[in-house]
Amino acid sequence: MLLGFAAFGWADEPITNWLTNPEGPLARTIRSNFYFSMAAFLPFLLLSEVLLVYAIFRFKAKPGGQAATFHENLRLEILWTVIPALTLAITAIPTYKTMRAMEVPPKSDLVVAVIGHQFFWEYRYPKYGVQFAEEAMVVPAGKVITLNLSSVDVVHSWWVPAFGVKQDANPGRITHAWFQADNPGRYKGQCAELCGKLHAKMYIDVRVVTPEEFEQWILEKKGIAPPDGTMENQ
Amino acid sequence: MSDRPKGIVHWLTTTDHKDIGILYLVTSLFMAVFGGSFAGLLRAQLSAANLKVLNPDLYNQFLSMHGTVMIFFVIIPALAGFGNYFVPLLVGARDMAFPKLNALSYWLVIPAAGLMFGSFFVQGGAAQAGWTGYVPLASRQFSGTAGVDMWILGLHLVGLSSILGAINFLVTIINMRAPGMGYFKMPLFVWTWFVNATLILFATPVLAGALTMALTDRAFGTGFFRPSEGGDPLLWQHLFWFYSHPAVYIMVLPGMGIVSHILPAFSSKKIFGYKGIVYATAAIGVIGFMVWAHHMFTSGIDPRLRAFFAFMTMVIAVPTGVKIFSWLATIWGGQIRFSVAMKFALGFIALFVMGGISGLTLAVVPFDVQVHDSYYVVAHLHYVLFGGSVMALLAGVFFWFPKMSGRILDEKLGNVIFWLIFLGMNITFLPMHWLGIVGMARRIYTYRPEFEFWNQVASFGYILLFAGGMLLLYNMFKTLRKGERAADDPWGAYPLQRTLDWSVSSPPPVENFAKIPEIV
């Protein structure tokens, strides 16, 4: 089903996401977990649909036909309770491992505070005393970026599909996420929690650059907007 | 009963369960026209990138009201309608336990609908915070006009209606079964309503509490959900979903009951695994209260909660699977007659399995986090609520219309309606799975150009759904005027199924049974 879609319907620009072109180890782990789960679940989908279609053609009423009279079979009923339950238990194992990978980041190379506003994002780099809003977030490639998210007004959600990250930004609470993007480039995302009138326009733009370019960018940012000393350290 | 008032006075004063059932169903149909039209406006706006059919404010109003109307004013009242009409009939009772309370339950829906639709005409328009009404967006600070207040009060009224109805159903089912009808002789539609009423009774008061908190936060500045007052926006999410997840089962269980009558009737077999289906229904009812936070996997809740709720969400798939396999075993080896009711019931299985499996993928937290609040979830919930609840309701309409009206809906036209809806449903919602996976957020009035193609396909699918809906209305209208007369048991279901609905005339007489039947 999914691969069928992949062949059609793409406009001129490729869409980056965790499934067709995952960026970094976290997104790839999520994709493997997805494939594993689909391998476990899809047989049940196919089995049910195939049996349904088969029954529809096979058991069409015929003149003088006699319907079967069975209406219980304990062994069968136990079987179709136990087999799905076991399948799910097996699926849970890699799922929990992946959840742990999402929740416990490797050692952080860069902390960025992400703050949601109606209807734009503000980014703060406490280590460098850099802060700005309404422009692309810039991060170095191949580094572990940890995010501390919050909001000044309503609930927003920071979602960049290619990195495998979606995390709500709530007022009055700091939430966490992490990612690592290995290839320089631009990655698009958008706010994923209805946040008001212009929710649809609350885009996210992330520029992944080489570590050298990143250092250069920090210097430029500092030159334009020197730290004012009021920045909070998260 | 010649002293019964006629015409409009009759409908305004009736306490007869069958009349109230019909009132619920007609109301639901009427609301579906609005809820469906709202969806049409949304699909029109999304039929190409950067259109200006609706401005962002109106888009968010129709978005919020589409969800609210379809859930609280279409699906739930329609199931209540069938429940009102058929539960007393199926248990061999002359009416619901509390007929006047029953009328009150129905009449509460009308002012509730008035508040909802009226809110479009107040300053600032209807609520714009989605049917989920998340705070702080729905708070006074960010939604200052009366729309959200009217939305809250409207939900309070339908909630009260549901709670009173649930008490009525429980008392009716527990106390008014015909002699000899033990619990394990109850038809499955009664069983599903029994579990359903229990769910409503436990879940809806929690929604009422949450709504009251939201209302006092708005009106008096209490701080239940405001961090600056020591409150927490996540508290709303917990309370809201504590109701609204069971509400999904509230919306689908009675539909499963309807399907469990239709499949055996048109296969000339008995339902397979009756007890298994009963236990599965009860299990879904209980576990349904332990999965709510799977709607909150990205909200920043404790990782241990994510682990627990992911696990329970997988667990609930097991009893759901039991039902699906039991239905397949029911038609297996049967002599299947493809009436329109049967086609909708089979379509229900096909689509509900899709919705069930896509729901299961959402239990896989890493995947859920990727597609949460994306079009994947829109696809999933429509496979469950449209493919599940609505297909089951339509099956019920074709199955029971002869019993209720004494006339059989046009089957040829019904066949066209089935295919329009079945295909339209898939064309509209199947591509949305993909849109969500590649990054299209839900609840957006415009989208980046790369998402255009599949949105056009989805909007085309809507046209088929709309045509199907209109033809259904026409079919009912035409049939009521000059449709084929229905016998007491038009589908030949009674000899094998022995359900009491087919043992009485079509429509049944006032008070159903001259002599209360004995069940052997």
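**Exercise 1.** Determine in which sense strands β1 and β5 of chain A pair, and over how many bridges.

Solution. Step 1: locate the strands, which are DSSP E runs of at least two residues, as helices are H or I runs of at least four, numbered from the N terminus. β1 covers residues 110-117 of chain A and β5 covers residues 145-151 of chain A. Step 2: apply the pairing rule, under which DSSP must find at least two bridges between two strands. β1 and β5 of chain A pair in the parallel sense, over 7 bridges. Step 3: pick one bridge; I115(A) has S150(A) as its partner in β5(A).

The model is predicted: local features need pLDDT of at least 70 and side-chain atom pairs count only at pLDDT 80 or more, while totals for chains, interfaces and linings use all residues. Residues are numbered from 1 along each chain as its sequence is written, and chains are lettered from A and ligands numbered from 1 in the order in which they are written.

**Exercise 2.** Describe the side of chain A that touches chain B.

Solution. Step 1: count residues in contact (C-beta atoms, placed from the backbone, within 7 Å). The contact involves 71 residues of chain A and 74 residues of chain B. Step 2: assign elements. α1 (2-6), α2 (25-58), α3 (74-103), β6 (156-160) and β7 (165-169) of chain A each supply at least two residues. α3(A) gives the most, with 14 residues.

**Exercise 3.** Find which residues touch the most other members of the largest nonpolar core.

Solution. Step 1: define the core as a set of buried Ala, Val, Leu, Ile, Met, Phe, Trp, Tyr and Cys residues joined through C-beta atoms within 7 Å. A buried residue has 20 or more other C-beta atoms within 10 Å of its own, with C-beta atoms placed from the backbone. Step 2: the core has 245 residues, and I262(B) and A395(B) touch the most other members. Domain 1 (25-103) and domain 2 (110-221) of chain A both contribute residues, so the core lies between them; the domain bounds come from an automatic or database assignment. Step 3: beyond four places in sequence, I262(B) is in contact with A341(B), M342(B), A345(B), A395(B) and F399(B).

Methods. Two residues are in contact if their C-beta atoms, placed from the backbone, lie within 7 Å. A residue is buried if 20 or more other C-beta atoms lie within 10 Å of its own, exposed if 12 or fewer, and partly exposed in between; C-beta atoms are placed from the backbone.
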